[in-house]
Amino acid sequence: MTNKRVCLIGAGPSGMSVLYHLERLRLEGAIAPENLPEVTCYEKQDDCGGLWKYTWRTGTDEYGENVHGSMYRSLWSNGPKEALEYPDYTFEQHFGGPIPSFPPREALRDYLWGRWNKYNLKPMVTLLHSVQSVNFDPAKDKFTVVVKDLKQNKLLDAKDFDFVVNCSGHFSTPNVPYFKGIERFPGRVMHTHDLRSWREFSGKRVLVVGASYSAEDSALQSIKFGATSVVCSYRSKPMDFRWPDSVSERPLVTEVGGDDRVGAGGWARFSDGSMEQIDYIILATGYLHHYPYLAEQLRLRGPNLLYPAGLYKGTVWLAGGNNRLLYLGAQDQYYTYTMFDAQALWTVRYLTGAIQLPSSAEMAADAKAWVNRAALSKTDQENIAFQTDFVVDLANQSNYGYDLDVSKIFYEWEDHRAEDITTYKDRQFGSKFSGQQAPPPGQPFMKAIDDSLEHFLASCQGK
């Protein structure tokens with residue numbers, strides 16, 4: 001009997017967790033040779049990491065592909081590292097000692113690579129190969145996948161697979177709304193997807209459109225790097241934090257404009273009739289589920305939700321592909337690395353036959369129950385409780401081996417943000433898995449301009 005062939009799309013945290021658990025279980029002898037799938041992992045970037053692979057590029061890359069990365073240089077974790085820590089590979093284990101609870105981007109990337117290097121996963125990834133199309137043939141009960149070798153600029157011959165695991169994420173295609181007059185606005189207009197440095201906002205008046213985590217961070221980063229003022233425009237309700245005096249909130253912007261003369265500024269009008277003078281517009285307006293390479297009947301659509309409809313266990317696509325198309329990391333997120341990891345292990349258990357699916361009716365009913373419960377979750381606390389239950393359910397069914405419930409950390413984190421949005425990243429948490437209490441940061445977040453790994457670790461050692 002031929003082993004199952006699996007096409008794994010994307011080598012970010014989700015895709016790498018699939019490879020991690022497959023290799024771990026293989027080395028442990030936990031998968032019978034006849035059940036071990038043949039996995040081909042395609043990654044269109046030149047290295048693993050997904051969003052955590054920083055690039056200076058925006059728009060399209062050197063191969064004409066849409067740039068995947070949405071990271072800006074000075075990004076620091078907006079949630080405690082203790083809420084995303086892998087139980088089998090703690091931050092203390094990786095760095096050789098305690099570090100603060102809110103590390104910068106480079107430290108998080110280094111941590112991810114440390115875990116992946118435990119099993120030398122990078123050679124298992126086919127880099128610079130972009131999946132162009134995925135179709136499912138019910139008669140053959142197989143997927144046909146066409147891939148482009150970007151370096152050779154060549155479409156490769158189609159290959160058949162028994163399963164497709166889509167790990168490409170959903171934070172790469174920006175949602176870009178239109179506002180009256182925006183085409184005549186004299187300053188820069190950019191989505192956070194294309195933002196790389198906040199230094200250009202020094203001395204400027206900034207309008208941030210949005211009211212979620214990226215909008216919150218956009219406001220803080222702008223002020224941190226010298227913006228004179230920030231106005232945050234919300235659609236339904238304000239973020240309502242205890243902002244610095246230079247940050248204010250207005251209802252949804254309805255029109256923008258300005259003087260076309262060189263050096264002249266712009267303005268924004270809001271739904272309450274008020275106006276503000278502005279120089280830059282940052283669209284912190286979220287992202288779209290965008291999987292153009294998947295055939296229509298295989299394509300997840302819709303808004304960014306805690307539980308997208310049509311997915312059994314948030315993973316198995318029910319509308320096509322005979323339950324052999326899986327989505328990882330397609331939901332809105334409080335939990336990140338550990339949720340992806342639990343989802344990846346669940347996927348591996350399914351691919352290797354350790355998990356058997358119930359009937360189509362039972363799967364549809366289970367998915368609907370989760371969707372209905374998610375719709376009733378309105379507050380941050382309710383959303384955290386919902387996703388905690390989702391993650392714990394996956395972990396239990398996949399025999400994950402650790403209790404991943406870190407809801408208490410999330411609740412405390414939310415309280416800190418409400419107390420003071422400018423200082424919550426200076427707070428410390430204890431690790432559930434190492435028992436280690438994090439030290440305070442070397443510098444307060446709002447004064448920490450150098451976000452390099454070297455400076456961060458040096459500042460930790462200096463405490």
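**Strands, cores and domains**

Q: What stands opposite Ala-268 in β15?
A: Ala-268 has Glu-276 opposite it in β15. Strands here are DSSP runs of E with at least two residues, and helices are runs of H or I with at least four residues, numbered from the N terminus. The model is a predicted one, in which local features need pLDDT of at least 70, side-chain atom pairs count only at pLDDT 80 or more, and totals for chains, interfaces and linings use all residues. Residues are numbered from 1 along each chain as its sequence is written, and side-chain values use heavy atoms, with hydrogens and water left out.

Q: Which strands form the open sheet with parallel pairing, and in what order?
A: Its 5 strands follow the order β9-β16-β10-β11-β12. β9 (189-191) and β12 (247-251) are the edge strands, each with a single partner, so one side of each lacks a neighbour in the sheet. Strand β11 (residues 229-234) is joined to β12 by 5 bridges, and the bridge partner of Cys-232 in β12 is Glu-249. Helix α4 (residues 213-224) packs on this sheet, touching β10 (205-209), β11, β12 and β16 (280-283). The direction of α4 makes about 170° with that of β11.

Q: Why is Glu-414 called buried?
A: Buried means under 20% relative accessible area, exposed over 50%, and partly exposed in between (1.4 Å probe, protein chains only). Glu-414 has a relative accessible area of 7%, and therefore counts as buried. Glu-414 lies in helix α8 (residues 407-419). Leaving aside neighbours within four places in sequence, Glu-414 is in contact (heavy atoms within 4.5 Å) with Tyr-213, Tyr-334, Asp-380, Gln-381 and Ile-384.

Q: What makes a set of residues a nonpolar core?
A: The set consists of buried Ala, Val, Leu, Ile, Met, Phe, Trp, Tyr and Cys residues joined through side-chain atoms within 4.5 Å. The largest such core has 99 residues, and Phe-201 and Val-230 have the most contacts inside it. Helix α5 (residues 337-351) gives the most to this core, with 10 residues.

Q: How many residues does each domain give to the contact between domain 1 and domain 2?
A: The protein is divided into domain 1 (5-172 + 287-410) and domain 2 (176-283), with bounds from an automatic or database domain assignment. Their C-alpha centres lie 33 Å apart. The contact takes 21 residues from domain 1 and 12 residues from domain 2.

Technical notes: Two strands pair if DSSP finds at least two bridges between them. Axes are lines fitted to C-alpha atoms, for helices over the stretch in contact, and angles run from 0 to 180 degrees between N-to-C directions.
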